[in-house]
Structure formats: structure tokens, C-alpha cells
Amino acid sequence: MQSRLPQPPQRKFCAAWLTLATLMIAVLTFAARAEEPESPSPVVTIGVVADNEPYTFFEGRNPAGFSIDVLREVASNSNLVFDFRAGSWPDIYAAFLRGDLDAIDGISWRPDRAEKVLFSEPYHYREIYLRISVLVFSPTT
């Protein structure tokens, strides 16, 4: 059986000093953070087409729709604030190309656009089908 030997006084003093120093650093760090004002979240302006139901539309003055819901989810999971700017497609696209908007919603990829626009990965694919009914008439005899 081993006996516990008492620690030398300088080792107890060093342990106490280290504990006190760590505690003081923690308190000062917390106090400094409490005094720092929180930096505001960056605001990102996003152009949306005002009448593109069900993706983007307005209920009164509030943007709504599938794309708005997705963008709000992105904002809630990031440190960003989105400022939605609505208009017609030609106006929104022109404002985006001029640099008046940071991002644009609901834009389809095309080679000519890809020369000017950095596209994200799509979060939604929309397929459009055309159904044609053909009536076949047979001559009656």
C-alpha cells in the first residue's frame, strides 16, 4: 500500500496560483465580451419576381411563397438578414446585373447567363411538360 506524501508548499502555491489565474482570465474574457456590442448581421439584398406564384408573391407588403420560405430558412441558419426587393423579371435581372442587388431568386441557368452570373446549386427543379392530344379521323366508307 502506498502512502500519500504531503505536497511541498511551493507545489500547492503553484496550483492555487494557476487556478486563480485561470479564473481571472475567464472572468475578464466574459466581461470583455459582455461590453462588446454585437456586430450586426450582414444584410443581403435579394431580387424576387413579385408575381411568380407559388414561388414568390406578396400578401399585402409581405413576401411569401416557396422560394421565400427556403430563403428565410437559410437566413435563420446563418448570420444573414435578407432584404427582399420585388419587381418584374426584366427589372430585377437588370438591377442584379448593375450590381444593385446581391442575389436574385428564381433564375434559370443558361449558358449566356452563366457568363455573367455565379449560380448556386439548385434547391428545386421545375419540369414543364406539354401534352398533345391527337385525334385520328378515319374516313368513313
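Is T45 buried or exposed? T45 is buried, as its relative accessible area is 9% (buried is under 20%, exposed over 50% and partly exposed in between, with a 1.4 Å probe and protein chains only).

## About the model

Keep in mind that this is a predicted model, where local features need pLDDT of at least 70, side-chain atom pairs count only at pLDDT 80 or more, and totals for chains, interfaces and linings use all residues. Residues are numbered from 1 along each chain as its sequence is written, and side-chain values use heavy atoms, with hydrogens and water left out.

T45 sits in strand β1, which covers residues 43-49 and has 6 of its 7 residues buried. Strands here are DSSP runs of E with at least two residues, helices are runs of H or I with at least four, and both are numbered from the N terminus.

Strand β1 runs parallel to β4 (residues 81-87), with 7 bridges joining them; pairing takes at least two DSSP bridges between two strands. Across that pairing, V48 stands opposite A86. Strand β1 also pairs with β5 (residues 103-104), again in the parallel sense, over 2 bridges, and here I46 has A103 as its bridge partner.

## What T45 touches

Leaving aside residues up to four places away in sequence, T45 touches D83, R85, D100, L101, D102 and A103. Contact means heavy atoms within 4.5 Å.

## Out in the open

V136 belongs to the segment after α4 (111-114). V136 counts as exposed because its relative accessibility is 74%.
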